[in-house]
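Subject: Structure handover

Hello,

Here is the structure I promised to pass on. Please open it next to this email and follow along as you read.

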Amino acid sequence: MPRKPLIAANWKMHKTSAEVRSFMSAVWPKVSDITDREMLICPPFPYIPLVDELRKSTSILLGAQNLYFEEKGAFTGEVSPPMLKDLGCEYVIIGHSERRGIFGESDELINSKMHAVIKCGIIPVLCVGERKEEREKNLTEQIILKQLEKNLKDLPETAFEKMVIAYEPIWAIGTGLNASTKDAHDAIALIREFIHSKYGDNSAQKTRILYGGSVKPENMKSYMDQEGIDGALVGGASLDPDSYSKLVKY
Ligand code: PGA
């Protein structure tokens, strides 16, 4: 079965409840005719219930941007996988470069989060990608493979039935400097080859691999035309309903 393209909106730390309401009421009429692509919205934690309420009677999927791996306990400020499940989240972004960079998340922590969400039945959107200096030193492949090796460590093959991985070169995020379609294609092919070699053909065929980093309505189609790119993880351009609907309708 072909993989359905996924257009994932990472709202990061943006929007008020009024802005969430106005986005949700404006976006659905623009995309309600789309059946061959999936739309995922990842709002900040406080607005998860609001997006869940406003997406009823739409096909929009709901995700979180982060979580902690423990089920419960003395972890001030954290949110657990069962809590996200309870709120209706089907997906969660794990290992975004802003979590790795600003909040110091290690590959080992990310691996624990991967295990926890899979156990809970939430689909991870695992982000991997290199920094500018690493690309300049030709270390891109090495960095991606190291992240995959550590972040996917000891996961069962069944985890790949629904897994999403996003290739997000860090230098392309929020900078307007998007990766070339060839670089995105090559990195995504490398990720699929890694999954193929470690977890078999079925896993490699089922895993959706997205590109992320300064995706805009104007460049979305050029990525989607590349063999093996199954969608996009979008920050800035996902905040406006008009722009997001154009991404979905690339
Ligand atoms: P951007 O962010 O689209 O604003 O570059 C992408 C991301 O961080 O997921």
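Helix 4 (residues 97-102) gives three residues to the lining of the largest pocket, the most of any element. Bear in mind that this is a predicted model. The pocket holds about 450 Å³ of space. Its lining has 15 residues, and Lys12, Met13, Gln65, Arg99 and Phe103 are the closest to the centre. By class, the lining of this largest pocket splits into six nonpolar, five polar and four charged residues.

Now the second largest pocket. Its volume is about 360 Å³. It is lined by 13 residues, and those closest to the centre are Met1, Lys4, Glu161, Lys206 and Arg208. What classes make up the lining of the second largest pocket? Seven of the residues are charged, five are nonpolar and one is polar.

Rolling a probe the size of a water molecule over the atoms shows where empty space is left. The count here is one cavity of 30 Å³ or more. The largest cavity has a volume of about 40 Å³. Which residues line the largest cavity? They are Gly95, His96, Ser97, Arg100, Cys127, Val128, Gly129, Gln147, Glu168, Ile170 and Ile173. Helix 4 and strand 5 (123-128) are the elements that give two or more residues to this lining. Five of the lining residues of the largest cavity are polar, four are nonpolar and two are charged.

On to the nonpolar cores. The largest has 65 residues. Seven of them touch the most other members: Leu84, Leu152, Ile165, Ile191, Ile195, Tyr211 and Tyr244. Helix 8 (residues 181-206) is the top contributor to this core, with nine residues. There is also a second, separate core, made of 14 residues. Leu6, Ala166, Leu210 and Leu233 are among them.

Go back to Leu152 and look at what surrounds it. Leave aside residues up to four places away in sequence. Leu152 then touches Asn111, Met114, Leu126, Gln147, Phe160, Met163, Ile165, Phe194 and Tyr199.

Now the aromatic rings. A pair of aromatic rings is described by the distance of the centres and the angle of the planes. The structure holds seven aromatic pairs. One of them joins Trp11 and Phe23, and it is edge-to-face. The centres are 4.8 Å apart, with 80° between the planes. Where do the two residues sit? Trp11 is in the loop between strand 1 (6-10) and helix 1 (17-31), while Phe23 is in helix 1. They are 12 residues apart, and the pair links distant parts of the chain. Are Trp11 and Phe23 buried or exposed? Both are buried. Together with Tyr244, they form one aromatic cluster.

Last, take Lys246. It lies in helix 10 (residues 241-248).

Best wishes

Definitions and conventions: Residues numbered from 1 in each chain as written. Predicted model: local features only at pLDDT ≥ 70, side-chain atom pairs only at ≥ 80, totals over all residues. Heavy atoms only, no water. Core = buried A, V, L, I, M, F, W, Y, C linked by side-chain atoms within 4.5 Å. Buried < 20%, exposed > 50% of the residue type's maximum accessible area, 1.4 Å probe, protein only. Helix = DSSP H or I, 4+ residues; strand = E, 2+ residues; numbered from the N terminus. Contact = heavy atoms within 4.5 Å. 1 Å grid on protein atoms, 1.4 Å probe; cavity = no way out; pocket = protein on both sides within 12 Å on 5 of 7 lines; lining within 4 Å. Points joined across faces, edges and corners; volume = space filled by probe spheres on them. Nonpolar A, V, L, I, M, F, W, Y, C, P; charged D, E, K, R; others polar. Phe/Tyr/Trp six-rings, centres within 6.5 Å; stacked < 30°, edge-to-face > 60°.
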